[in-house]
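Open the model in your viewer and get ready to select residues.

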Amino acid sequence: MNEITLSEDQEKAYKTIAEWFANGGCVHPLQKNPGLLTLAGFGGVGKTELVSLLIKEFSSSIRFACCALSGKAASVLMEKLKDKGVVFSEESHYCGTIHRLIYKPVENDKGEIIYWAKKEKLEYDLIVLDEASMISEDIFMDLSSYGIDILAVGDHGQLSPIEGKFCLMKEPHIRLEKIHRQAENNPIIALSMQIRQDGKIPSNYKSNEKVKIIKKYEYLDYLHSEYRHMQDPKKTLDKVVLCYKNATRASLNNIIRKSIFGKSIKEPLINDVIICLKNSIKKKKQPLYNGFRGYITSAFEEFGDHFYEGKVKFPFESLDMFLFDICKYQFGYQKTFSSFDELYNFGLIPKHWEEVGLLFDWAYAITVHKSQGSGFDNVILFNERPAPVDDDTYKRWCYTGVSRSSDKLTIIL
């Protein structure tokens with residue numbers, strides 16, 4: 001199998017997936033979704049290595065579309081697959097976001113994009129869906145509508161989706177749980193597996209070349225030193241503070257914005273880093289997905305009584321958009337609006353959710369739940385455990401938060 005030597009569990013998974021390919025997407029007659037196969041594994045087990053080998057082995061007979069929900073996750077996937085020798089081009093395989101895969105831009109005679117339309121057909125034989133643990137049912141149904149087999153790849157140790165009971169990684173067909181020896185030498189991966197075993201971050205964990213421990217009483221000074229006058233949004237996007245509670249998130253965002261801009265200010269500013277909190281998939285418009293992070297490139301102006309308008313760049317999604325219906329009241333609010341009653345307090349009286357507008361908030365600090373499906377070069381994890389959280393959920397929260405970091409991890413313990 002080329003130059004890659006597979007472990008025993010990878011070899012077994014390879015044979016199962018190859019058989020699935022050969023049988024046209026059927027593993028056995030009782031499978032509920034014959035066009036779906038789920039491959040789960042912890043960080044460091046070699047999921048991407050296995051996928052790269054399968055693509056190279058079957059590239060002459062199968063045209064693959066590799067995709068993830070967020071642009072950051074898609075760019076990381078492409079980089080890893082290219083490092084393994086997979087070649088992407090318009091004539092061969094695709095690697096990018098889900099929305100780029102299933103939507104196409106429609107331009108006017110000036111070459112300007114006037115709207116986005118869902119493609120009627122995809123010219124691929126199989127979809128590899130990465131970071132599948134965060135995929136919602138409606139997005140999965142959009143992908144399934146093309147009648148193309150889907151290999152869903154994800155981490156079954158992560159948190160379950162907040163909304164709904166749908167979870168592709170709940171009962172995966174194939175599990176990889178043996179960490180590669182090389183990955184075990186990475187302190188971040190080693191810590192993530194220690195959490196899987198012990199259920200928490202060790203209280204006596206010592207700082208090392210990849211992981212730094214900061215005590216709670218030091219965190220204000222630490223955040224101020226990290227973010228003081230840091231107004232380059234491109235650098236800020238690859239650094240993120242992760243926490244559990246929305247109240248903590250709101251407080252941390254206020255602290256960080258004050259450090260960056262030198263004062264407390266409620267209004268959005270140029271270079272502010274923001275995050276989309278709710279899917280916006282409208283006909284003839286570029287879809288925006290929950291979790292997209294970007295930064296403001298032109299000053300927000302008031303649009304009517306309840307909204308902002310302005311330009312936002314989403315680098316990882318390759319999007320540069322002018323948005324005119326961003327709800328003013330979501331910024332700094334401790335939770336995503338979920339009922340009209342919450343909006344009545346602000347004087348906004350909608351009859352339909354489209355009248356609420358786009359929901360965005362600051363994205364310097366986000367919850368671990370919201371971070372799923374993305375990776376960051378630099379993660380600052382604010383360790384907290386709200387009283388009602390059970391042991392398994394807390395273990396998954398710690399594991400997910402730690403494993404979001406690809407290079408540098410700081411834990412506020």
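This is a predicted model: local features need pLDDT of at least 70, side-chain atom pairs count only at pLDDT 80 or more; totals for chains, interfaces and linings use all residues.

How many cavities of 30 Å³ or more does a search of the whole structure find? It finds three.

Now go to the largest cavity, with about 170 Å³ of space. Its lining has 22 residues. Select Ser70, Lys72, Gly291, Arg293 and Ser374, the ones nearest its centre. Next, colour α3 (71-83) and α12 (368-371), the elements that give two or more residues to this lining. What kinds of residue line the largest cavity? Nine are nonpolar, eight polar and five charged.

Leave the cavities and look for the sheet. Show the strands in the order β9-β19-β18-β10-β17. These five strands form an open sheet with parallel pairing. Select β9 (211-214) and β17 (365-367) at the edges. Each has a single partner strand, so one side of each is left without a neighbour in the sheet. Look along the sheet for its twist, which averages 25° from one strand to the next.

Zoom in on β10 (residues 239-243). It pairs with β17 in the parallel sense over three bridges. Pick Leu242, and opposite it in β17 you will find Ile366.

Last stop: select helix α13 (residues 391-402). This helix lies across β10, β18 (376-382) and β19 (405-412). Helix α13 runs at about 145° to β18.

Technical notes. Residues are numbered from 1 along each chain as its sequence is written. Side-chain values use heavy atoms; hydrogens and water are left out. Two strands pair if DSSP finds at least two bridges between them. Helices (H or I, at least four residues) and strands (E, at least two) are DSSP runs, numbered from the N terminus. Axes are lines fitted to C-alpha atoms, for helices over the stretch in contact, and angles run from 0 to 180 degrees between N-to-C directions. Contact means heavy atoms within 4.5 Å. On a 1 Å grid over the protein atoms alone, a cavity is a set of points where a 1.4 Å probe fits but cannot get out, and a pocket is an open set with protein on both sides within 12 Å along at least five of seven lines; lining residues have an atom within 4 Å of a point. Grid points are joined across faces, edges and corners, and a volume is the space filled by probe spheres set on the points. Ala, Val, Leu, Ile, Met, Phe, Trp, Tyr, Cys and Pro count as nonpolar, Asp, Glu, Lys and Arg as charged, and the others, Gly among them, as polar.
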